[in-house]
Amino acid sequence: MLISSLRIKNYRGLDINVDTIEKVSIIIGQNDSGKTNICSAIMKVLDYSKRKIPFILTDSTNSNKEDIEIEIKLTADDLTNEQLALVGNYIHIDDNKKYIIVKLTSKYNEDTLEYEDTLFYGNPKMDFEEIRANIQTQLDKVLAIVYINPVYDIEISKKEFFKFKESDNKEKGLFFSDNITTEISNLNSSIQNEQIINDIQREINEKGEFSELFEDLKFKVMPNIKEENIYKSLNVNAYDTEDNEFDNIGDGKNKIFSMILKSKIYNDNKKKYS
């Protein structure tokens, strides 16, 4: 699925109407000209985790309390049969091309002093379905939004990736071999018997003036190496073709690599936007 057109009205200083969007598009503009807000508007409509949070007064341009509207047209020609079964009710055909129009509107309620959001699927000129904006829809089950914040953290991206792989592998019934379990047990025993650990343990148990309070207790320093901790210890390092490790591949490549990792923490049966 691709975004083929975008209309934004009264959202954070934006009033734009783009009829045609290419497969790969670049937004260019000065600082504070609204580039990030365009991405925010798209996510507000297509990302349930963002959409379920209602608009607030400052989301309207200059807090003007006027209606906010964001409309996105998506191509739907590349959907699988399974995905078509989920969103088929929302699809229209124009010039033999399938598309879905998603529109999020919000009106300011003077009684509650809050914006009230409504989601529409379908072509507003033909027929459409009104849906509560704070619930997951069938389209949400097809789409997965990938957004790379300019202030990225490659280490957090790595941790999120391995956390997802741990959960995904467990769900699929994939676990480390029994040999790893045995090795972990042996490693824990070896660490337990290290002199350094014994010295730390002895230091903790020298309770000084609090000895009477803990006279019936003693403390042991126990290694906590478990199978589930293996994922937390994993890292990804960069090497050249000669197998030499790179300490730093550069900010640009790290940012792209962060995007690659984020794109892989979504279910394969969902479409990805980045």
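I started with the charged surface. E110, D111, E114 and E116 together form a negative surface patch. I noted that this is a predicted model.

D111 lies in the loop between β5 (97–109) and β6 (114–123). Is D111 buried or exposed? Its relative accessible area is 74%, so I logged D111 as exposed, the cut-off being over 50%.

I looked up the largest nonpolar core and found 34 residues in it. Those with the most contacts inside this core are L46, I70, L74, I100, V102 and L139. I checked which elements supply at least two residues each: β1 (3–11), α1 (35–46), β3 (68–75), β5, β6 and β8 (143–145). Which element gives the most to this core? I found that α1 does, with five residues. In soluble globular proteins, nonpolar side chains tend to be buried together.

I moved on to G208. This residue sits in the loop between α6 (195–205) and α7 (229–233). Its relative accessibility is 52%, so G208 counts as exposed. I also took a distance: G208 and E245 are 37 residues apart in sequence, and their C-alpha atoms are 49 Å apart in space.

Last entry: L234. I placed L234 in the loop between α7 and β9 (238–239). With a relative accessible area of 36%, L234 is partly exposed. How far apart are the C-alpha atoms of L234 and Y115? I got 45 Å, for a pair 119 residues apart along the chain.

Notes:
Residues numbered from 1 in each chain as written. Predicted model: local features only at pLDDT ≥ 70, side-chain atom pairs only at ≥ 80, totals over all residues. Heavy atoms only, no water. Patch = residues over 30% accessible without salt bridge, like charges linked within 9 Å, V, L, I, M, F, W, Y side chains within 5 Å. Areas by Shrake-Rupley, 256 points an atom, 1.4 Å probe, with all protein chains shown as cover. Salt bridge = Lys/Arg side-chain N within 4 Å of Asp/Glu carboxyl O. Lys, Arg positive; Asp, Glu negative; His and termini not counted. Charge placed at Lys NZ, Arg CZ, Asp CG, Glu CD. Helix = DSSP H or I, 4+ residues; strand = E, 2+ residues; numbered from the N terminus. Buried < 20%, exposed > 50% of the residue type's maximum accessible area, 1.4 Å probe, protein only. Core = buried A, V, L, I, M, F, W, Y, C linked by side-chain atoms within 4.5 Å.
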